[in-house]
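This report walks through one chain, from its overall layout to single contacts. Keep the sequence and the coordinates open while reading.

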Amino acid sequence: MTTNQNIHFARRYFLRWSLTAGSAALLGTLVGCRQDHQTCSLDSLDIVPRADWGAAEPKIEGSAEGVYDITTNPEGWLVYNNPLEEVLTTIVVHHSALPLSDGPREIQQMHFEFKNYADIGYHFVIDEVGIIYEGRPLNVRGAHTGGRNTGTVGVVLLGNFQVDKPTSEQIETLRKLSSCLIELYGITHLAGHRSFQPGVTECPGSNLEYQLPDLATELGITFGTGGYQGQ
Ligand SMILES: [Zn+2]
């Protein structure tokens, strides 16, 4: 995604956000409650839908996710059978380790080409101005943390945070998205990718990773891998 496209998205979604925030404030006034106590919905986060970032259709058959069966699992990837509040335990934070110009579309293509995933491996992508892009469906197991994908929500922030620093907008959006996921699904833990695979990856980069324990505390959940319950 080019810088111009990002600016376009920023303007467009700031307008939508302004309208939404204004409506929420008005509603808060009308019902006499504080705006920050209202129930979260992912819709309120103005997530850029797949169609708007040019997502390709998932490539299910023969993917490296290894669960395709034409009769028993024609969807190929793992779709959770149980309600998400019973499945999702941990938000796993990543960096893209790519130039900022490489957005969700480029990541999806790389995951197809080099990883043989069925789709972009993450559930959410956050760009440098804090816009969220829809990744794979939340009710489908991700492909982002080797051997630890069941019940983990993959969130990637664009940038290489071994070298650069995440923007304040990215951190704020990560906080809002995490808060919403916690409220909706009872998620108990937040971790960086490296927490699960120390020595294997530098992801999410030191300049982001050190901020995660405080963020978890602020969100009222636990930092680390202790909530993992998957296979
Ligand atoms: Zn990662």
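## Order of elements

Read from the N terminus, the elements run α-α-β-α-β-β-β-α-β-α-α-α-β. That makes 7 helices and 6 strands in the chain. The model is predicted.

## Burial, contacts and surface

The chain has 231 residues, and 47% of them are buried. Its accessible surface is about 11400 Å². Carbon and sulfur atoms supply 52% of that area.

## Zinc site

Which atoms hold the zinc ion? The donors are ND1 of His94, ND1 of His193 and SG of Cys203. Their distances to the metal span 2.0 to 2.2 Å. Along the chain, the donor spacing reads H-x98-H-x9-C. His94 belongs to strand 1 (residues 90-95), while Cys203 sits in the loop between helix 5 (193-196) and helix 6 (206-209), so this pair ties together parts 109 residues apart in sequence.

Are His94 and Cys203 buried or exposed? Both are buried. For Cys203 the relative accessibility is 7%. The cut-off for buried is under 20%, so Cys203 counts as buried at 7%.

## Disulfide

The count of disulfides comes to 1. The bond joins Cys40 to Cys180, with an S to S distance of 1.5 Å. A disulfide is a covalent bond between the sulfur atoms of two cysteines. The angle about the S-S bond of Cys40 and Cys180 is -90 degrees, and the link is left-handed.

Where do the two ends lie? Cys40 is in the loop between helix 1 (3-31) and helix 2 (84-87), and Cys180 is in helix 4 (residues 168-185), so the pair ties together parts that are 140 residues apart in sequence. Cys40 and Cys180 are both buried.

## Aromatic rings

The structure holds 1 aromatic pair. Phe196 and Tyr228 form it, in an edge-to-face arrangement. Phe196 is buried, as is Tyr228.

Lys59 lies over the face of Phe112, at 4.5 Å from the ring centre.

Thr222 is part of strand 6. Is Thr222 buried, exposed or partly exposed? Its relative accessibility is 43%, so Thr222 counts as partly exposed.

Which residues does Thr222 touch, leaving out those up to four places away in sequence? They are Thr188, His189, Leu190 and Ala216. Ala191 is 31 residues from Thr222 in sequence. In space, their C-alpha atoms are 8.5 Å apart.

Key:
Residues numbered from 1 in each chain as written. Predicted model: local features only at pLDDT ≥ 70, side-chain atom pairs only at ≥ 80, totals over all residues. Heavy atoms only, no water. Helix = DSSP H or I, 4+ residues; strand = E, 2+ residues; numbered from the N terminus. Buried < 20%, exposed > 50% of the residue type's maximum accessible area, 1.4 Å probe, protein only. Areas by Shrake-Rupley, 256 points an atom, 1.4 Å probe, with all protein chains shown as cover. Donors = N, O, S within 2.8 Å, 3.2 Å for Na, K, Ca; no water. Phe/Tyr/Trp six-rings, centres within 6.5 Å; stacked < 30°, edge-to-face > 60°. Lys NZ or Arg CZ within 6 Å of the ring centre and 35° of its normal. Disulfide = S-S within 2.5 Å. Contact = heavy atoms within 4.5 Å.
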